[in-house]
Amino acid sequence: MIDSLFLINHSGDIFLEKHWKSVISRSVCDYFFEAKEKAVDPENVAPVLQTPHHYLISIYRDKIFFLSAIQTEVPPLFVIEFLHRVGDTFLDYFGECSETVIKDNVVIVYELLEEMLDNGFPLATESNVLKEMIKPPNILRSVVNTLTGGSNVGNTLPTGQLSNVPWRRAGVKYTNNEAYFDVIEEIDAILDKSGTTVFAEIQGVIEACVRLTGMPDLTLSFMNPRLLDDVSFHPCVRFKRWESERVLSFIPPDGNFTLMSYQVSSQNLVAIPVYVKQNISFLEAGSCGRLDITIGPKQTMGKTVEGLMVTVHMPKAVLTVNLTATQGTHTYDLATKVLVWDIGKLNPQKLPNLRGSLSMQPGAPKPEEYPSLNIDLKIQQLAISGLKVSRLDMYGEKYKPFKGVKYLTKAGKFQVRT
Amino acid sequence: MTLSESSDDSVKKSNPREDWPARRGGLRQAEVDTCGVMSSGVGYNDQTGAETAVEAGQETTPTTSSSGAAFGLFSSDFKKNEDLKEMLESNKESLKLEAMKRVVGLISKGKNASELFPAVVKNVASKNIELKKLVYVYLVRYAEEQQDLALLSISTFQRALKDPNQFIRASALRVLSSIRVPIIVPIMMLAIKEAATDLSPYVRKTSAHAIQKLYSLDPDQKEQLIEVIEKLLKDKSTLVAGSVVVAFEEVCPDRIDLIHKNYRKLCNLLVDVEEWGQVVIISMLTRYARTQFTSPWKEDAVFDENNEKTFYDSDSEEKKVPTEAKPYMMDPDHRLLLRNTKPLLQSRNTAVVMSVAQLYWHLAPKHEVSVVTKSLVRLLRSHREVQYIVLQNIATMSIQRKGMFEPYMKSFYVRSTDPTHIKTLKLEILTNLANEANISTILREFQTYVKSQDKTFAAATIQAIGRCATNISEVTDTCLNGLVLLLSNRDETVVAESVVVIKKLLQTQPTQHSEIIKHMAKLFDNITVPMARASILWLMGEYCDRVPKIAPDVLRKMAKTFTTEEDIVKLQTVNLAAKLYLTNSKQTKLLTQYILNLGKYDQNYDIRDRTRFIRQLIVPSEKSGALNKYARRILLAPKPAPVLESAFKDRDRFQLGTLSHSLNVKASGYQELSDWPAVAPDPSVRNVEVIEPVRSRLSETPMFSASCCLVSPAVTNAPKPSVISSSLLSDLEGLSLSNVSSVTSPSFGPVKTYELLHHMTGKGLAAKYHFPRQPCLYQPSMVSVQVILTNNSDHVLEEIHIGERSPAGLNVHCFNTIERLEPGASVTVSMGVDFSDSTQAANFQLCTKEDQFGVSIQPAVGELLMPFTMTEFNDLKTHPRTFSDNRGHLFKKKNCIPGYFFYQIFVNPEQMKKDV
């Protein structure tokens, strides 16, 4: 399975290595650097590489490469999924997953990695289980520990490891019992030049934050579960009950977790909240171009569109832009050729518009392609698919928890072709 | 570390290489020694143990008589490590911990901290858990380099292996087995064997991991290890299952016979195994199934043709086939595997979903494979790396089975923000999916892609268009025209790629395309990409009879620039010259000779060779002989068109989802997926002598799917239909009818009777009920209730039956209407009520001919029953609480097999936790 792990930063320094079997020299990473060099963009590095004696499987997230060296056949997804789980755990423990934070907490990172894999096979990957064995850092505890010589490491086997609910730790106690669910939906869409939808689908997740004492057994039901086409669950969800009754019945892990993710059946028409009128043209002569973008509300279900943002990857030939926006600010990164127009709230009375000229590299031929627009937006208190949680019931505990559901619609990969 | 020179030192030094038994003796002494040191906190200059300690230290630093001096030597080089050493040797725990943290920091950066080994190893028995853990980290990292010093720590682990705390036992075994020192192999072997029979499943799991470690350290132990694996495979804990299968795959993947008896158990446990274990078990079972079952594809072999029509007509097809051939009967075990893996498609773990998908791909009947499509498409929303792997697999699948992914075609549309390798994979799939019906949509998409800023991708798109054009004859002309338009594109790579693809297309379509060739000849001057130039030259030569005027002119231009061209262009120039010489020697004779002369003195030997060959072939001379006559037939032979096919064509030789598949190279350790056997091996090998208890060790790891029945009853109060795990149902199904009929045998335990209807309210009709604690005859999810109806009135009651129920969905198996109940008489009837595992009362109406009485049955905690098999009665003894706790009721009755009992248990979750 997984032999070694190397963490490599953006500039190609190995800043952490961990071996679970015999030590593999870090020179094995040279093959990876070669591939990275060739790919230019870190996103383009192939996740699976072959070297004379090892196989390298890597992921790239948060500007860090997680590179694992492997010696024998193993499902690549197994490794990729695990590496992402490592990243998630760091995020969970330290609030962010960056080189600095990993370097600062190298001991905890090492302890975590030690627990997560044994001989290259995942041992404990549940956040609840890990947190019982290795406590996440916090300032108070580190002060207390230095004074008393206490440690961050638990000395008992996490109860979760052995129980039938491995994801939940035992003996959870809260004074305020609360359960919050965020229904977050993302619209993935491709619109063509004329505004017609080429492809659109809605993907949703239900993020939960559950802080409940004891061993609560929750049931979450929907008004319209038929909307959900394809679902995947956190292991705590009882699949059989979903199949028969379309309710989510589960004993939750403690803290934050993703309860389920779903896709809304593709038969339903996807409401596209905004329309985009754009006109980008490059003139044959004079090495300049024009840009004119207007955004207006389309199907917003009476809610306001917020956090509106347009990102355009300009052709290489575009040197500078000279634009004026009626609303919001725009920036143009000369190095990456990315134009970002941060609009903010969409006012239906006064539609935001961005127009102006693009100056091109003199002498360069007119770009063949027109850049596509990536739209970002947020609509609070709305699940665009119309999904509604009808109720949350709790069994197994006596107290009355505080319950809450929040809806949010976001643009996922929302692209307008020009 | 302050090693003093002992008087025995020189003696020991004289024979540093003692043989094994002697060393073992020494080791044992070292055990005593380290313990002494650790507990007293005194250094190694303790009189009793000094000699062995020094002996151990001696081998690593044999050059000096005192290791202390050796470290002095280091101190000048590694100042920093010197103060770490001091800290490690201090008496303060906090200092030691601080030092260890810094040491771990060094290790993590890949810096060498091995010279601290003696100082670190002393702390192995520290009371401070964190310090101990960090020492473990250090030990595992450096033990291989400092073998003898590492031995000092072994005794600590050996002691910890006997610790009452399972966590300590497990971590001791983990570290012990990770210390890669060949000398301790026998100790490890012993420890593994012991741990494999440990009561704690967690320790057993650790022992499964240790097996692989020991195997990689010393493969000679294989036979003994296989025995342990065999034992662990029989383990019924979900915790162990995944790990032992990993060990099996690593140590003895060919010993398929070990799986037989455990096959059904593994299938049934699968849902509850942790996600990583699921992946390895599924992939192992895929391999297993391919050796044990016959092919489910035989009868629908028609579908192999990749023919959609037959695919969709599969239903009608299937009805016909059995009449012709012997009908295919799927082995129930084969079906069991497919059925039990299907829910895992909903897993959040992408690796699990992929492994189920490959299992269906390799094992399921063709018409069932499509259940995995939706889940695979879902994975495309995951991380970039996951997309990459999943798309690769879909690409392979979509070649053989277009129909599977066609409805999801739009999910493979490319976004401009996708990384290039994702884009090309999506393109590959779109091309695979193209057919007459959707080609126009796909081509419209491709038009967008061709304009992409990403030139590699644009080039790939052009190739894809070429493939579509050859595969679907209807659009060949459209594609060709589109490609010709691209020839005027500003981008070099796009033009070049178009030329190459057009060349291939023209070859497959040898019709009148001289216009296109002429057009390309015009463009020739502007094209600089060698491959494209070479392609145009080849086209000129091949179809020189179609462009008789242009071809010689192109050759003339080439003669001018010949020396500056790339090799591949030169070769094609020579070819063109030769072909023109044969068809139009009048105009081109001199040019050809000129080019051949240039080629003769070229730097590249390939070109020199080719020139020499061509000259002999076309220019008649005495030496050339008979071959000359056939020059025209050789050079201008009609050539078969190249086949444009997917790069994923041959990937199906690998099992999907594997590393080998991803790399398209056989990875080391790849297990070949065997072909279906023509005749299935004896299926009875999988029979287990006793009814395999799926959940015998309740106390250990009750399966969660089962516990949804176990847990919910006490805690739910909303009415809902019953949920009974499939494994439970299958347990019940496994019982023969005779077992069920014996249900009525008297049950043990107290029978408490409850009042259902008082005779005052019931106008003389009284009803009492009790729970006989038997499996309900009617439906496994129902609880059986016996109702005693008594007529306390002075007139006959007629038509006693059950009326309306609430909640409406309440599932009740009513007793037959009692036509007549004489005054004073009583009758006992039994009914089944499905409480949906809740404690909510079942309300219904008890009706007589004249009256209706609302009654309700309140299930007392402990009366909701679930059948439960147990192999060993001893299990109960070890967990007396299960027995005595009045919340947990046991119901037992004799099963068909003597000595085995059939229980029904209801336990509430808290209690279950306690047991755990």
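**Reading strand 4 of chain A**

In strand 5 of chain A, A:Phe65 is the bridge partner of A:Tyr60, and this dialogue, which concerns a predicted model, starts from that pair.

Visitor: How many bridges link strand 4 of chain A and strand 5 of chain A, and in which sense do they pair?

Guide: Strand 4 and strand 5 (residues 64-70) of chain A are paired in the antiparallel sense, with seven bridges between them. The hairpin that these two strands form has two residues between the strands, and there A:Asp62 takes a positive phi near 50°.

Visitor: Where do the side chains of a regular strand point?

Guide: In a regular strand they alternate between the two faces of the sheet. In strand 4 of chain A, one side carries A:Tyr55, A:Ile57, A:Ile59 and A:Arg61, while the other carries A:Leu56, A:Ser58 and A:Tyr60, and every one of these residues is buried, so that both faces are covered.

Visitor: Why is strand 4 of chain A described as largely enclosed?

Guide: A residue counts as buried when its relative accessible area is under 20%. Seven of the seven residues of strand 4 (residues 55-61) of chain A are buried, and therefore the strand is largely enclosed by the rest of the structure.

How values were computed: Residues are numbered from 1 along each chain as its sequence is written. Chains are lettered from A and ligands numbered from 1 in the order in which they are written. This is a predicted model: local features need pLDDT of at least 70, side-chain atom pairs count only at pLDDT 80 or more; totals for chains, interfaces and linings use all residues. Side-chain values use heavy atoms; hydrogens and water are left out. Buried means under 20% relative accessible area, exposed over 50%, partly exposed in between (1.4 Å probe, protein chains only). Helices (H or I, at least four residues) and strands (E, at least two) are DSSP runs, numbered from the N terminus. Two strands pair if DSSP finds at least two bridges between them.
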